[in-house]
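Biologist: Please take a close look at one helix and what surrounds it. Then carry on to the rest of the model.

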Amino acid sequence: MLKINQLHKSYPIGDTSLHVLKGINISVNEGEMVAIMGSSGSGKSTLLNIIGMLDEADAGEYILDGLPINNLTEKKAAVYRNKFLGFIFQSFNLINYKNALENVALPLYYQGMKRKERQELALFHLEKVGLKDWAKHLPKELSGGQKQRVAIARALAANPKLLLADEPTGALDTKTSHDIMAFIQQLNDEGKTILMVTHEEDIANMCKRIVRLRDGVIMEDKKINQVRAEQYV
Amino acid sequence: MIKFLFDIDTWQELYDSISKNKLRTIVTIFGVGFGIFLLIVLLGSARGMENSFNKLFGSFATNSVFVWGQNTSKPFKGFQEGRRVQLSLTDAKKVEENIEGVEFVVPRNQNRADVVRNFLSGSFTVNGDYPLLDRVQKKKLVHGRFINQNDIDHNKKVIVISEDVYKQLFEKDKNPIGEFVQINTINFMIIGMFENGNVKVGPTSDMHIPFTTFQQIYNEGDKIGWMMITGKPEYDIKQIEEDAKLLLKNLNKIHPKDKRAFGSFNLGNEYAKITGFLTGMQFLTWFVGIATLIAGVFSIGNILLITVKERTKEIGVRRALGATPLEIKSQIIIEAVSLSLIASIIGVIFGGFTLIIINHFWGQGDDATLINPSVSIGVVLTALLILIILGTLIGLIPAFKATSIKPIEALREE
């Protein structure tokens, strides 16, 4: 599904440069649920961004679903992002002047889907996250948990191969976090491959595999027994 | 791109973006709207002024020159300088026959006369005229008719008077046609009355009698006071004036370089001066209007640039969701163009209403200074076209700014 070989990335800081990723090797199979952990500055977000084609690696190999991802034009990257990837952000990143339904339909709009189909599909995904009745509400009228659900529905809308989550529970309280995690686990049960960055141990334990990063190298990569989030709900 | 323009979603996105950012939209629209409003009002007023000038000159054949005799300033062929130059009917005929480009020549005579009617009297100028005068200087007849060929042929004692004369010699509401007035103890029957209007260009007159009658009662013989020479439209009246003067000098034995022997008033020249002034004013109007438009469009660019900065994160999100740089750019440019267009349509509407108001207050009546102030559709369309082009060009700046930021940096923005 996803294969990364000797990935390097550094950022220029003044005259010197900061070597953030120092040769990452990782491969993820379909249906996995991987947590990338590490303290701040360990390079976990950078890795996620490169996987999400939002950032480019300096050196190394990245193959997604058999497609080598390098030297992409902005246009091609946009098409791949739309086709292969769904993003879930810590701060939800909903467009504040569009209602829930329109937000969910946005990736479909960029796919070139017809308006009517798009709205039906978006409504279907909103129903899936349990927010069908909130379709016409603006983000500011929703709670944090509801916003994240809308964001998840949006990430799912284009039926991506890989879900990328950057601290999906970072802005939520414990109860809502578990709520969201239960939902993400359910998606994984249905076969979605999920990659998430977190620094919370209990959230990481709800995944099936933990990759620990420190100073740009992988310290540990182990499969774990998944803790189900439902028991806390 | 065409598909993009005809896609209802494009416009939905546009509507969302401009209706959800109301303050920005209003401020932007004000900038361009005011520019086009100014352009319309200025152009309309300039047109109104042009119309007023045209109305002033309207009663005259503008391609005309008036020539009269003065005193010579050079001795020639045995004549002393300072000789009085007297034009004659023969001169007028020769000019009409020999000068290239002359349409017609109207000889005229003028005198001052005491006019008496019953117990009322006044002192007015009386002109001896041919019917042709009506073609050079259109008389605005309120009653009756102007002198005709029959009056000339039979030396008829008929007279056409101005409204001023009527006011002085008649009681109010009395119809002057068919009444008699006395000049030099001779009775003249009034056949017409005209009004001079409030604003006068060129010589004004009080009364007109047939040229032949004038000759008879003042015993003028062949002499004429001055002649009005009208050129054909395609000829330069300046050249006709020079040719005519040279011929007249030759006919009257005057030194060819004598500059003071003839006086003249070239209506064509005066008209050209005013036309030149109007052209200059129109140029100025366009200049000011377009400069204001450019300033307005720049303000749209500026505001869009600020909004792009404000919406950096939104743009990042859209790109993460699969928007291509072209889609982002198109959206911003179409926003710029649409804002410009909406603004200019509002500006055109307000400008139009302002012109209606100007017309109401300053465009009516005899002494109107801005008659029918208006702007042609072509001008409006040209202005809109310029706006669309400028809007697109200006929209390019924020559009490229928006896509020059990498999506990752855009997302990081808080």
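**A covered helix and its surroundings**

Modeller: H3(A) is mostly covered, with 11 of its 12 residues buried. A residue is buried if 20 or more other C-beta atoms lie within 10 Å of its own, exposed if 12 or fewer, and partly exposed in between; C-beta atoms are placed from the backbone. Helices (H or I, at least four residues) and strands (E, at least two) are DSSP runs, numbered from the N terminus.

This is a predicted model: local features need pLDDT of at least 70, side-chain atom pairs count only at pLDDT 80 or more, and totals for chains, interfaces and linings use all residues. Residues are numbered from 1 along each chain as its sequence is written, while chains are lettered from A and ligands numbered from 1 in the order in which they are written.

Back to the helix. The buried residues of H3(A) include A:Glu102, A:Asn103, A:Leu106, A:Pro107 and A:Tyr110. Their cover comes from both chains. It includes H2 (74-84), H4 and H5 (144-157) of chain A, together with H2 and H12 of chain B. Just after H3(A), A:Gly112 takes a positive phi of about 90°.

H3 (residues 100-111) and H4 (residues 115-128) of chain A cross at roughly 120°, and their axes come within 8 Å. Axes are lines fitted to C-alpha atoms, for helices over the stretch in contact, and angles run from 0 to 180 degrees between N-to-C directions. That angle makes H3(A) oblique to H4(A). Angles under 35 degrees count as roughly parallel, over 145 as roughly antiparallel, 65 to 115 as roughly perpendicular and the rest as oblique.

Contact here means C-beta atoms, placed from the backbone, within 7 Å. By class, the contact of H3(A) with H4(A) has 10 nonpolar, two polar and one charged residues. Ala, Val, Leu, Ile, Met, Phe, Trp, Tyr, Cys and Pro count as nonpolar, Asp, Glu, Lys and Arg as charged, and the others, Gly among them, as polar.

Now the interface between the chains. In total, 19 residues of chain B are in contact with 20 residues of chain A. On the chain B side, H2 (8-19), H11 (312-320), H12 (325-362) and H14 (407-412) each give two or more residues. H11(B) supplies the largest share, five residues. The chain B side has 10 nonpolar, two polar and seven charged residues.

Inside chain B, another helix pair stands out for comparison. H10 (residues 267-310) and H13 (residues 377-404) of chain B pack at an angle of about 25°, with axes 9 Å apart. That makes H10(B) roughly parallel to H13(B). H10(B) passes H13(B) in a right-handed crossing. B:Val297, B:Gly301 and B:Leu304 are among the H10(B) residues that meet H13(B), where B:Leu390, B:Ile394 and B:Lys401 are among the partners.

Four strands form an open sheet in the order S2-S1-S4-S5 of chain A, with antiparallel pairing. Two strands pair if DSSP finds at least two bridges between them. S2 (16-28) and S5 (67-68) of chain A stand at the edges with a single partner strand each, so one side of each is left without a neighbour in the sheet. S4 (residues 59-64) of chain A and S5(A) pair over two bridges. A:Ile63 stands opposite A:Pro68 in S5(A). H1 (residues 44-51) of chain A lies across S1 (2-13), S2 and S4 of chain A, and runs at about 65° to S2(A).

Elsewhere in chain A, S6 (residues 85-88) and S7 (residues 162-166) run parallel, joined by four bridges. A:Gly86 has A:Leu163 as its bridge partner in S7(A). In a regular strand the side chains alternate between the two faces of the sheet. A:Leu85 and A:Phe87 point one way from S6(A), A:Gly86 and A:Ile88 the other way, and all are buried.

Note on methods: A crossing is left-handed if the near helix is turned anticlockwise from the far one by less than a right angle, and right-handed if clockwise. Two residues are in contact if their C-beta atoms, placed from the backbone, lie within 7 Å.
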